[in-house]
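Me: I would like to go through this structure with you, one topic at a time. Shall we begin once it is on screen?

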Amino acid sequence: MKVSQLRRTRRKSDQQDSRRVQREHKEVEEPEEEMAQYVVARNIYSEDKFNEEHEKIYRQRKTILNHVTQFFRCDSRRVRLAALSLLPVISWMKIYRVKEWLLSDIVSGVSTGLVAVLQGLAYCLLASLPPWYGLFSAFFPVVIYFFLGTSPHLCPFPVLCLMIGSVVTRLGLTRDEQRVLVASSVSFLAGIMQLAMGIFQVGFVVLYLSDTLVSGFTTAAAVHILVSQLKFVLGLTVPGISGPLAIVYTLEVIFTKITGTNVCDVVISVVIMVVVFVVKELNDRYKSKLPVPIPIEVIMTVIACGVSYAFDFKTKYGIDVVGMIPRGRTEPRDLPGNAVEAFPMAIVGFAVAFSVAKVYSVKHDYTIDGNQELIAFGVSNIFGASFKSFAASTALSRSAVQESTGGKTQFNNFFSFPGCGLLSAIIVMVVTLAIGFLLEPLPKSVLGAVVIVNLKGMLMQVREVPYLWRRDKPDCVVWIGTCLASIFLGLDLGLAVGLGIELISVVLRAQFPRCSVLANIQGTDIYKDRKDYLSIFEPEGVKIFRIPSPLFFANIDFFRNKLVEALGFNPLRVLRKRNKALRMIRRLLKRGELHCTPKGYLNTACEPYKELEDEDSTEDLDLPTDFRDLPIQVDWNADLPANISVPQIDLHSLVLDFSAVSFLDISALKGLKTTLKELVRIEVEVYIVACDQYILEKLHSCCFFDDEVQPSIFFLTLHDAMLHILERHPEAIQTKTHFSKIVTTATVHHTNNSIRSRDRNGMETRF
């Protein structure tokens, strides 16, 4: 028994020894991975010295005349590119893959067309027009967009319908023909404006509508749409109200008449909304397994039409139905209009459509031309409005249906709302010309319910507010301000208010940037905010100041104030104090009350010197200090005679980091020069680092430099300037010890993937 226990003990001990030896071998074989390093040995470069040692290529700048000449130059290549640009259909037709794309385009076109018919009818109610005019708008505009558009993932947007409806309501028109004429005329003018902006290449204006602003605006539009559909869901007769606080007055009317609600309309709407919502959620959850999303809106519409026709809901329950849909085509006609109403529609329509197009262009790797899109939308709306349709842009839900069903090109995007497809338009055309009468018994409450359910995506954008508040409070203010203004003031005024808030936020960010004082991270050539790190090195008498913004008329005073705050003294006040002290010293020397000794000035007066009233004059106090008529120079950091008091400063060098300054205007240039002169006159050396070449050229052209402010103050990098300062003022680091050497090296990569250091003779500086 004892022998077996002894054997087990020995075996266990041997296993432990074996594991220990393996760990030791592993530690030897696998040393800790060292961090990669680079070492550079080079001269300290100022801008002037660098330009002397390295020859620069001077490029000839194009003049305005050169740009104008090039713009109007015409040759065969330019004509070909212009044709391809104006007719993108040529480009994608040449690369169309019939075997790979045709089937997916057919499936997508059929699915999108079914949704297009229903939403065309529903969104027409938002425009306060008879429902069948939505079919005209689902047919005519896209005939042109098929040839001119650059994105295959676009469809109509209900916000534009609501904006058109607000115009129609504001005019107080009662006849359908008058409403249609006004809606078409406003759409026509919006198209003209879009076309003009596209021709004059001003598609960049949409860049001023940020994603945050568009999100807040569309959320507010969704609230307006929701309120506007309540009258159909509840079966109430609510007069059209427009202008500021229109949504409040509309809700007041609805709650006043709530006792007259049509129960049949409510039941139909609730059933439709519940079923459509549930099926849409299933579509989203199982979209990877479903070949085609279930067109639940179409299915419920067909069922509702059948039930309404079979039980005669219009007669028995008094519900409002779509009614007669005229067959055939409509004739073009001349249109009046109001440009003031059309302009916000033109901007909003293009902005939203372009934002959606950008999302899908990134996902499917195709390019979007903003100016060409403006031309496409403009011509499409002009053409469509001539046939009594209203402005079209994009609908997020239908674009998603088209994309999710595999739509690849504009082939499935012909004859519907812009970009919704050839096949979908054929379906719309068939409904318009032949079978539209089958939709006559469709209750309007069904259309209202479908519209409300499709608002889910836009209404859920409110979840962005907590995220924006945590990440970017100014953007959150833009979102909330745009949303609230659009809800209570109306979409047109709300958009203007939101744009104003956005521009103000941009101006404030540029006008009040986060300035900082930098310090060296020990053992590196890296400089960071001194408040953020512990292992920092700050040479005595040196201050590094950074402004992360362009300098212009609005923030130059802020820059000066922040610089004074960082320095701890006002250089102009110090300069005036010194000049006033010199005046007093000269007067005392002239009276014989002050004598010059090897140790400095000695006051022999019995009473302290009192300033005279005329000595408070600031004349000549802003000029540089002049010691020419004094026997010895004054040491401003020593005790001065009599009762003369001048602030002592322990700063000998200031470095301004201009790496984030992208431009300077004339006002900022003057303010900067004044600040530099004030610092130079109190014997503070100023250096500017990482300045953009464009700014340097502008400073030279504006005669910025003189005897006091010289080009030699500009250095390539912050570290170059710091090494230069330490070379001139070695006492700045004499009191600092145990600072590691900053090692930098240039590396050369060879074909065998090895890395070799290239040694150079250069200055070594210990920090």
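**Backbone, helix and surface**

Reply: The model is a predicted one. Alanine 690 counts as partly exposed, because its relative accessibility is 28%.

Me: Where does alanine 690 lie?

Reply: Alanine 690 is in the loop that runs between β8 and α28 (693-701). Its phi is near 55 degrees, a positive value in a residue other than glycine.

Me: Is glutamate 683 buried or partly exposed?

Reply: Glutamate 683 counts as partly exposed, because its relative accessibility is 43%.

Me: Let us turn to α28. What caps its N-terminal end?

Reply: Aspartate 692 does: one of its side-chain oxygens lies 2.9 Å from the backbone nitrogen of tyrosine 694.

Me: And what follows α28?

Reply: Cysteine 703 follows α28, and its phi is positive, near 55 degrees.

Me: Which residues of α28 are buried?

Reply: Ile695, Leu696 and Leu699 are buried in α28. Viewed down the helix axis, the buried residues of α28 fall within an arc of 100 degrees, so they line one face of the helix.

Me: Why would residues three or four places apart point the same way?

Reply: An α-helix has 3.6 residues a turn, so residues at that spacing point the same way.

Me: What do the buried residues of α28 pack against?

Reply: They pack against α2 (47-53), α27 and β9 (714-715).

Me: A change of topic: which residues form the nonpolar patch on the surface?

Reply: The patch is formed by Leu245, Val248, Tyr249, Ile480, Leu484, Phe488, Leu489, Leu493 and Val497. Together they have about 690 Å² of accessible area. The elements that give two or more residues to the nonpolar patch are α12 (246-256), α23 (473-489) and α24 (491-511).

Me: Which element gives the largest share?

Reply: The largest share comes from α23, with four residues.

Me: Where does isoleucine 480 lie, then?

Reply: Isoleucine 480 lies in helix α23, and it is one of the patch residues.

Me: Why does isoleucine 480 count as partly exposed?

Reply: It does so because its relative accessibility is 34%. The class of partly exposed residues runs between the buried limit, under 20%, and the exposed limit, over 50%.

Technical notes:
Residues numbered from 1 in each chain as written. Predicted model: local features only at pLDDT ≥ 70, side-chain atom pairs only at ≥ 80, totals over all residues. Heavy atoms only, no water. Patch = residues over 30% accessible without salt bridge, like charges linked within 9 Å, V, L, I, M, F, W, Y side chains within 5 Å. Areas by Shrake-Rupley, 256 points an atom, 1.4 Å probe, with all protein chains shown as cover. Salt bridge = Lys/Arg side-chain N within 4 Å of Asp/Glu carboxyl O. Buried < 20%, exposed > 50% of the residue type's maximum accessible area, 1.4 Å probe, protein only. Arc of directions from axis to C-beta. Contact = heavy atoms within 4.5 Å. Polar contact = N/O pair within 3.5 Å; in protein donor to acceptor, adjacent residues only side chain to side chain.
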